[in-house]
Structures are given as structure tokens and as C-alpha cells.
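User: I am new to reading structures. Can you walk me through some of the labels and where they come from?

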Amino acid sequence: MTELDPVIHAQARLRVTATLATLSDGDRMTFPRLQELLEMTAGNLSTHLRKLEDAGYVVITKTHQRRTPVTHVELTRTGRRAFEDYTTALRTLLAPQGESEVGS
């Protein structure tokens, strides 16, 4: 049986990871923009980002624009690979018996 990554598998973290995976490698998103897209509270998003950060899947960078603090979130290469592995594992689980991937 194929294992799904438990860090990504939680619904909120899957949504975060999937959203960040749409960005090009090396691109990042501001925390408020991510929060807006996912319609999550700041506290809930922060909690899930911390778990993803602890796993090495995201990097959080805090900077300033003029005097205003800005937080950026970026999917790491490890996180991008983990998301790719997760989607492959999910396709394998959903594939009809005897097929390795959907559409094969």
C-alpha cells in the first residue's frame, strides 16, 4: 500500500502546499496573500506553516518594506519534491488495480 505523506495530507497543509507549488521554483508569496487565497485565519495558517517549515517543506522569510514588516512564504525544493511524491502516491492509490497511474 502506498503511503501518503502525513505532513502534507492534512487538508489545510495540502491546500497550502498545492497553492505554493503553482509558483515557479524560487518564487514566494506574502503571508497575507496566501491567507486571502486560502481563506484561513492568520493563526490557523501560521500553525500549519510551522509544521511545513519544521519538515523543511517551506521557508518563511521576514523582511521590511520601508517600516512595514513583510512575511514571505516559499516552497523549498524538498517541499516541491514531497508534493510531487504525494501526488504520485495519490494517483497510484486511485488507479484501477493493475495500473500504476491514472491514465496509464
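User: Why is glutamate 39 called exposed?

Analyst: This is a predicted model, and the label rests on a computed value. Glutamate 39 has a relative accessible area of 73%. Exposed means over 50%, so glutamate 39 counts as exposed.

User: Where is glutamate 39 found?

Analyst: Glutamate 39 sits in the loop between helix H3 (31–38) and helix H4 (42–54). Its phi is near 50 degrees, a positive value in a residue other than glycine.

User: What makes arginine 66 exposed?

Analyst: Set the value against the cut-off. Arginine 66 has a relative accessible area of 81%, and exposed means over 50%. Arginine 66 is therefore exposed. This residue lies in the loop between strand E2 (58–65) and strand E3 (68–75). Arginine 66 is not a glycine, yet it has a positive phi of about 60 degrees.

User: Why are H2 and H4 called roughly perpendicular to each other?

Analyst: Helix H2 (residues 11–21) and H4 pack at an angle of about 75 degrees. Angles of 65 to 115 degrees count as roughly perpendicular, so H2 and H4 get that label. Their axes are 10 Å apart.

User: Which residues make the contact?

Analyst: H2 contributes Ala12, Arg13, Val16 and Thr17. From H4 come Leu45, His48, Leu49, Lys51 and Leu52.

User: How do the residues of the contact of H2 with H4 divide into nonpolar, polar and charged?

Analyst: There are 5 nonpolar, 2 polar and 2 charged residues. Lys and Arg count as charged, so Arg13 of H2 and Lys51 of H4 belong to that group.

Definitions and conventions. Residues numbered from 1 in each chain as written. Predicted model: local features only at pLDDT ≥ 70, side-chain atom pairs only at ≥ 80, totals over all residues. Heavy atoms only, no water. Helix = DSSP H or I, 4+ residues; strand = E, 2+ residues; numbered from the N terminus. Buried < 20%, exposed > 50% of the residue type's maximum accessible area, 1.4 Å probe, protein only. Axes fitted to C-alpha atoms, helices over the stretch in contact; angles between N-to-C directions. Parallel < 35°, antiparallel > 145°, perpendicular 65-115°, else oblique. Contact = heavy atoms within 4.5 Å.
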